[in-house]
Amino acid sequence: MTYRREETVQIPESDLEGMSVDTLAVRAGQIRTDQLEHSDAIFPTSSFVYGSAAQAAARFGGDEPGNIYSRFTNPTVQAFEGRIAAMEGGERAVATASGMAAILSTCIALLKSGDHVVCSRGVFGTTNVLFQKYMARFGVETTFVGLTDLDEWSAAIRPETRMLFLETPSNPLCEVADLGALSRLAKASDAFLVVDNCFCTPVLQRPLELGADIVVHSATKYLDGQGRCVGGAVVGPHKLLEEVYAFLRSAGPTMSPFNAWVFQKGLETLPIRMRAHCDNALELALWLDQKDAVETVYYAGLESHPQHELARAQQSGFGGVLSFCLKGGREEAWRFIDGTRMISITANLGDVKTTVTHPATTTHGRLSPEDKERAGITENLIRLSVGIEAVEDLKTDLDRGFAALRA
Ligand SMILES: *Cc1c(COP(=O)(O)O)cnc(C)c1O
C-alpha cells in the first residue's frame, strides 16, 4: 500500500472486521501520519490550513472532506471516536467534553418540546438534575421508574414518549435491567432506547447489539481508568449521530485533542483492566458476604443476587462496583470508612485505585429521606469501586475498617 505524504492514514476498518473487543481496543481508529509512528500521534491544534484558496473553499463548502477547526473535527478526537465506536459495535461515535455533555447532546439531538422521557430512578445524580430541571424547562417531561420493573416502564409510556433512558447495572445497588426486553418495548412505542454504559464499558456489555439505539459514556470513569481527564462519548447509527454531531458543532461541548489522546491510550488497556476489576470485585463480594459485621452484599456476581442469571446472559463480567450494608447505621459506616488506610475516600469510580463512598451523605445526599428509602440508600450502605490492587492487600485494608468497628 502506498501513502501520500500529505495525508494521514487510517488503518482500514475492513482489516479489523470481526475481531474481538480486545483487539479493537488496541488497534481500531488509529490515524497514522507520514512519520509512521507506532504509537498514536496527538494533534493539539485549534485549526487547519489549506493548500490553496480553492481548497479552503471546497472544505468549507463540504465538497472536500477534511479538517477545518477543532470544534468540528480533530484527528486525535476522531481516532478516539473510531476506537470506541468499533468497540461498542456502533456505526459512529462522537466525543464530548464530559459524560454529562454526551447525555445533554443526545437529549437535544433526539428530543423536542412536548416530548416525554421515561428514565430509571437510580440514574447518576446529575442526569436526574438534567431531566428534572433543565429538560423540563424546555418542555420535555420525564417520568422516573424502577429499573427492573418492566410493568412500570410499560405503564409510564405515553403517545409522546420519545426516549427510554437507563443505566445498568445501577449505582450503587447493582440492579440489572433486561436490555432486550426494554429495547422491544422502546421499538413498540416508537421511542429511542438510550443506555449509559459507563459501569460495564463495551468490554462487558454491548447494548447496541441488544437493541439499544444509542450508548452514552462518561469516559472519565473506566475508559480512562486512571483518573486523569473528564470526557464522554455518544455511540450509535450514522443517522442519529449526525444530529448529535450537528449540535456539538454548533454548541461546542467537544473533547479536547489532549483528552482524546489520553482516552485513546486508556482504551488500549481497558479489556485487561476490566477483567482485573471484575476478578477483584467478585472475590471481595464473596469475602464480604462471609463477614459477621456485614448484613447484605449487592453484587450481580453473587448467586443470591435477584438478577444474577440476567447479568450472566447480558454481560461478560459483573463489573467493578459493589455495595454492602454493615450492621448498624451511619456511625458504623463512617467508622469503617475512616478505619481503612489505603483505599481512597472519594465519590469517584472506575479507577485502578479502589475507592470507598458513603452514598447517603455524598453521591445521594441531596435525595429526600423518602427518595433515599425508595432507592435503598440506607445509612449503613457503603459502596466500593474495586481497583486493580492485589486483592489480598484490599482485604488487609478493609479488615482495618472491620477492626475499627470493634474498637
Ligand atoms: C460520572 C457519570 C456520569 C457523568 O459523567 P461526567 O464525565 O462526570 O460528566 C454519567 N453517568 C454515569 C453512570 C456516571 O458515573
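How many cavities of 30 Å³ or more does the count come to? I get 1 cavity of 30 Å³ or more. The model is predicted, so I note that local features need pLDDT of at least 70, side-chain atom pairs count only at pLDDT 80 or more, and totals for chains, interfaces and linings use all residues. Residues are numbered from 1 along each chain as its sequence is written, and side-chain values use heavy atoms, with hydrogens and water left out.

Cavity. On a 1 Å grid over the protein atoms alone, a cavity is a set of points where a 1.4 Å probe fits but cannot get out, and lining residues have an atom within 4 Å of a point. The largest cavity holds about 60 Å³, the volume being the space filled by probe spheres set on the points. I listed its lining as P169, C174, F199, Y299, F318, G319, G320 and V321. The lining divides into 6 nonpolar, 2 polar and no charged residues, with Gly counted as polar. Domain 1 (13–268) and domain 2 (270–406) both give residues to this lining, so the cavity lies between them.

Helix α3. I checked residues 75–88: at 1.5 Å a residue, the 14 residues should span 20 Å, and the end C-alpha atoms are 20 Å apart, which agrees. Of these 14 residues, 11 are buried (under 20% relative accessible area, 1.4 Å probe, protein chains only). Among them are F80, I84 and M87. N74 caps the N-terminal end, with a side-chain oxygen 2.8 Å from the backbone nitrogen of T76. G89 follows α3 and has a positive phi, near 70°.

Conventions: Helix = DSSP H or I, 4+ residues; strand = E, 2+ residues; numbered from the N terminus. Expected span 1.5 Å × (residues − 1). Buried < 20%, exposed > 50% of the residue type's maximum accessible area, 1.4 Å probe, protein only. Polar contact = N/O pair within 3.5 Å; in protein donor to acceptor, adjacent residues only side chain to side chain. 1 Å grid on protein atoms, 1.4 Å probe; cavity = no way out; pocket = protein on both sides within 12 Å on 5 of 7 lines; lining within 4 Å. Domains from an automatic or database assignment.
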